[in-house]
Amino acid sequence: MTVTTIKCGRPSKGNEKLSRDRLLDAALQLFLEHGYGDLSMETLARDARVSMRTIYTQFGGKSGVFGALIRRCSDQFIDGLKDDCELFEALETFGRQFLFRLTRPDVIRMRAILMGESARFPDLAIQFYEHGPRRTLGHLADYFSRQQQAGRIVAIDPNFLADQYVNALRGERMQRLQLGLESPPDEAEIADWVHKVTHLFLRGCLSNQ
């Protein structure tokens with residue numbers, strides 16, 4: 001597996017506006033530097049070289065910018081679930097990309113900001129969950145549902161399957177990473193972990209037909 005992008009997100013943008021991309025790049029660095037509550041909209045607009053009106057029009061405000069950052073990050077692994085790939089291969093591809101992004105220092109720091117400030121800013125928690133975990137679980141559940149329709153896996157609630165697979169990927173190591181008790185795994189460690197998790201997971205839900 002080769003991953004060339006380390007920071008939290010910058011997939012191919014197609015025909016997206018340059019101002020939006022620049023704003024999200026600037027927002028990532030500013031959130032990491034200042035946190036959420038202490039970052040002013042004025043600072044964000046100045047560093048991104050866009051107007052305040054642009055921020056409100058495109059994102060609805062600061063929490064919307066945070067949500068867009070999370071969505072851009074999740075874009076990088078949810079597209080790995082390909083129906084034209086063999087089941088084990090598709091899940092491994094998803095798992096490696098998911099775990100790599102989740103364990104990068106910038107992402108760990110963003111999660112710490114979320115946990116520290118979500119009580120004061122409920123919209124922050126909503127944006128994170130909607131554009132991150134809920135979106136990821138939804139795509140994964142849809143994938144499992146299609147695999148069930150094709151007769152490849154047993155008829156277990158696909159939402160339950162998605163939750164179980166994601167939690168198996170994260171494991172206890174995510175808590176150690178968040179507490180600074182462990183260094184981020186490299187690509188080889190991630191590949192080995194995902195291979196074992198996927199193998200064990202599929203043993204429990206593959207169809208015998």
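These legends describe close-up views of a predicted model. Local features need pLDDT of at least 70 and side-chain atom pairs count only at pLDDT 80 or more, while totals for chains, interfaces and linings use all residues. Residues are numbered from 1 along each chain as its sequence is written, and side-chain values use heavy atoms, with hydrogens and water left out.

**View 1. Helix α5 crosses helix α9.** The axes of α5 (residues 87–102) and α9 (residues 158–170) come within 10 Å and cross at roughly 50°. Helices are DSSP runs (H or I, at least four residues), numbered from the N terminus. Axes are lines fitted to C-alpha atoms over the stretch in contact, with angles from 0 to 180 degrees between N-to-C directions.

**View 2. Residues where α5 meets α9.** From α5 come L91, E92, F94, G95, F98, L99 and L102; from α9 come Y165, V166, L169 and R170. Contact means heavy atoms within 4.5 Å. By class, this contact has 8 nonpolar, 1 polar and 2 charged residues (Ala, Val, Leu, Ile, Met, Phe, Trp, Tyr, Cys and Pro count as nonpolar; Asp, Glu, Lys and Arg as charged; the others, Gly among them, as polar).

**View 3. Y36 and F66 form an aromatic pair.** The whole structure holds 9 aromatic pairs (ring centres of Phe, Tyr or the six-membered ring of Trp within 6.5 Å). Y36 and F66 sit edge-to-face, 6.1 Å centre to centre with 85° between the planes (edge-to-face is over 60 degrees). Y36 lies in the loop between α1 (18–34) and α2 (41–48), and F66 in α4 (residues 62–78), 30 residues apart. Y36 counts as buried at 5% relative accessibility; F66 does at 0%. Buried means under 20% relative accessible area (1.4 Å probe, protein chains only).

**View 4. One aromatic cluster.** Its members are F94, F98, Y143, F144, Y165 and F201.

Conventions: Helices (H or I, at least four residues) and strands (E, at least two) are DSSP runs, numbered from the N terminus. A crossing is left-handed if the near helix is turned anticlockwise from the far one by less than a right angle, and right-handed if clockwise. Rings of Phe, Tyr and Trp (its six-membered ring) pair if their centres lie within 6.5 Å; planes under 30 degrees apart count as stacked, over 60 as edge-to-face and the rest as tilted. Buried means under 20% relative accessible area, exposed over 50%, partly exposed in between (1.4 Å probe, protein chains only).
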